[in-house]
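Hi,

Here is the structure I promised to pass on. Have a look at it first, then read my notes below.

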Amino acid sequence: MAVAVGLGVSTGAGVDGVDEASLGALVKLEQVLPSRLRHRVRSLRAFTVNATDGAPSVSPTLLTALAAACRDHESLRIGYRGHDDLESRRVVEPHRLVHARGRWYLLAWDRTVDEWRTLRADRINVRTPNGPRFTPRELPGDGDVASYVARGIATATWAVRARATVHAPAELIAGRLPSTIDVQPIDDENCVIDVGSDDPMMLAGWLALLGADFTVEAPAELLDALRELSDRLRRATRPSH
């Protein structure tokens, strides 16, 4: 039963050819199961819906190449297609492959910008041959790859981004935020958070709900939203006549 469940789940793995291979394996498995278990497996198939968001699949050849580069600590020369469909050339140090939310991601150190980046595998075009070997870097924070990538995915689509200095202890602020928001302590009384939203006014209101003083210097649309929110709240406290 565990194997049958695993084969059923794998049909949403986002890898070219896996759906057909998993279905074929599941059919063969049913043929050798006792009648009692065979009926259970068929019920499982008939009444289970694999909800996917139409995420693009990737070839197993690409995933194998990326995984091998991670294993051998070989840098990669890649073309990467951004959200604007324009391809940029990069040199990266691959760290780990992660499957999340129906998509495959490569966590890598991007030498082009000297930063850690979470790259969608379906947008990667590997250029051969691989580059020279590298010494693996330590991932920031506690080294939890899954959490780091989850934070990167959560923030990737923000239209408005800001880096806010919050004048409160990091432990206090971390307890008021989702786990996907990284809180970096400055000292015992201040910390920094990277936040964002699709709407500057929503972000302004969200920051106001932190329950602590904070400072932001950009972007301009967030500063305008904070001023507007401040004026609105001030008007709300004026006595009516």
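Let's start with R81, which is partly exposed because its relative accessible area is 31% (buried means under 20%, exposed over 50%, partly exposed in between, with a 1.4 Å probe and protein chains only). R81 forms a salt bridge with D85, with the closest N and O atoms 3.3 Å apart (a side-chain nitrogen of Lys or Arg within 4 Å of a carboxyl oxygen of Asp or Glu). D85 itself is exposed, at 54%.

Before you go on: this is a predicted model, where local features need pLDDT of at least 70 and side-chain atom pairs count only at pLDDT 80 or more, while totals for chains, interfaces and linings use all residues. Residues are numbered from 1 along each chain as its sequence is written, and side-chain values use heavy atoms, leaving out hydrogens and water.

The whole structure has twelve salt bridges. Another one joins R163 and D194, whose closest N and O atoms are 2.9 Å apart. That pair links distant parts of the chain, 31 residues apart: R163 sits in strand β6 and D194 in strand β8 (strands are DSSP runs of E, at least two residues; helices are runs of H or I, at least four; both are numbered from the N terminus). E93, R111 and R137 are linked in a salt-bridge network.

Now for the inside. The largest nonpolar core has 25 residues, and V166, I173, I193, L207 and L222 touch the most other members (a core is a set of buried Ala, Val, Leu, Ile, Met, Phe, Trp, Tyr and Cys residues joined through side-chain atoms within 4.5 Å). Helix α8 gives the most to this core, with five residues.

Cheers
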